[in-house]
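Here are my notes on the model, as numbered points. Please read them with the structure open beside you.

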Amino acid sequence: MSWYRAPLPLLAALLLLHPEQPAGAAARVTYEPTWESLDSRPIPDWFDDVKFGIFIHWGVFSVPSFGSEWFWWYWRGEKSWPYVNFMSNNYPPNFSYEDFGPQFTAEFYDPQQWASTLMASGAKYVVLTSKHHEGYTLWGSKVSWNWNSVDVGPKRDLVGELAEAIRQTTDMHFGLYHSLFEWFNPLFQLDKNNLFQTHYFPDAKTLPELYEIVTKYKPEILWSDGDGNAPYTYWNSTGFLAWLYNESPVRDIVVTNDRWGSGCICKHGGYYTCSDRYNPGHLLPHKWENCMTIDQRSWGYRRNALISDMLTIEQLVQELVETVSCGGNLLMNIGPTHDGRIPVIFEERLKQMGTWLKVNGEAIYSTQPWRAQNDSVTPGVWYTCRPKEQSLYAVFLKWPVSWKLLLGEPRATSGQTEVQLLGYDRNLNWASLGEKGMAVSLPVLGPSQMPAQWGWALKITKLNEVIKSS
């Protein structure tokens, strides 16, 4: 399989016409397999517009559903006592992790129902784990013999079924997560022992899988992870990304992240993730994503999870608002069960987010960061804007007991500036505080009359300043 590491031809350094473009169409850039060239590729506009997506961690780790999705590593790699004790108390002495494979049954997996639930969340994209660090693929991979969902367990193409359901019944973008390395794969261990001077594992496993899922499922997001402390040169990441951006069936629309080898995170690739649950609280100069979990202790499903382990809807709305205000996207994770159910606590949170976004989505989708991300006077107020419409949005997470909201940032003009509460059909009164901003009088409403719960958004127009993105 050495052809996966072959250099791109000389034409890869030139400007070529897209083969499907008519004569006279603008030339397209062809990217070279270098970070300097690849990092110059603009992130497709759709990704910044959507703002909110759902991550799905599902795999054989959903069978023991104990501790986290790193169950196999903690049990057999680190030999962590809680995991070793759990196995010794509940399974026969010779039970192996591979024995969990047939128990990953997915008999209740209904991709149409999943698509409906995901759409109800208000999310605009979904990212499914096609393969985690355990190596088990959720499709019938040609290079993962007898350790995939078609050969072992469900006997179904789980990736393909969800891709079809998402595309047929929703307007969401479909993406795939893929782990570069595998904890206990002998080829990876061999390369690691050789200080990654050999490339048996990426040539035989990782790269063929990546080419396969891109050509077969055409994901609009390719979410790479798990470099195994190996450099990008070992993974041939730049060579693969050059093919992805130049020749693949999704070359014009695909979005990638930054996890393509040790040292790449928050530095190279498409948008930045920087770390799990990354929320800097300030504007970044590069597009980024906050990937985080509803269950604060795990990405995969846990049978022994407590309600106190779950983020509340108030916390999730706050995470979304802060992230979008600072120029990021929120990728909120759920973990289905081994039999294919979305646990009810996750279903509830998804539908609650959708309810909130139905009212306040105008302040989230297709917005841009403003000159101020949060308010200088009132804590818990975060700003977004729409420069084309000259609209400013102030999202506040606590309803003031005085029914007046003090805003220190907007420069209002008496007799001109208009303030609306999204979901409420009348303009609001406000008073100028001079250099200290403005005081907005909120409507006196009972709990059942509130346009939304868990957070509200003001739309402010006709300000005494030009609204532009920061």
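1. Two strands pair if DSSP finds at least two bridges between them. Helices (H or I, at least four residues) and strands (E, at least two) are DSSP runs, numbered from the N terminus. This is a predicted model, in which local features need pLDDT of at least 70 and side-chain atom pairs count only at pLDDT 80 or more, while totals for chains, interfaces and linings use all residues. Residues are numbered from 1 along each chain as its sequence is written, and side-chain values use heavy atoms, with hydrogens and water left out.

2. Strand 7 is joined to strand 1 by five bridges, and the two run parallel. Strand 6 also pairs with strand 7 in the parallel sense, over six bridges. Leu 330 of strand 7 is the bridge partner of Phe 52, and Asn 290 stands opposite Leu 330 as well.

3. How many residues of strand 7 are buried? Seven of its seven are, where buried means under 20% relative accessible area, exposed over 50% and partly exposed in between (1.4 Å probe, protein chains only). Gly 328, Leu 330, Met 332 and Ile 334 lie on one side, with Asn 329, Leu 331 and Asn 333 on the other.

4. Helix 12 (residues 344-360) has 17 residues and reaches 24 Å from its first C-alpha to its last, close to the 24 Å expected; the expected span is 1.5 Å times one less than the number of residues. Its buried residues include Phe 346, Arg 349, Leu 350, Met 353 and Trp 356. The elements that the buried residues of helix 12 pack against include strand 1, strand 7 and helix 11.

5. Gly 300 sits in the loop between strand 6 (288-293) and helix 11. Gly 300 counts as buried because its relative accessibility is 3%. Leaving aside residues up to four places away in sequence, Gly 300 touches His 57, Phe 61, Glu 69, Asp 295 and Gly 335, a contact being heavy atoms within 4.5 Å. Pro 92 is 208 residues from Gly 300 in sequence and 24 Å away in space, C-alpha to C-alpha.

6. A pocket, on a 1 Å grid over the protein atoms alone, is an open set of points where a 1.4 Å probe fits, with protein on both sides within 12 Å along at least five of seven lines; lining residues have an atom within 4 Å of a point. Of the 28 residues that line the largest pocket, the closest to its centre are Trp 70, His 133, Phe 181, Gly 226 and Asp 227. Helix 7 gives the most to this lining, with three residues.
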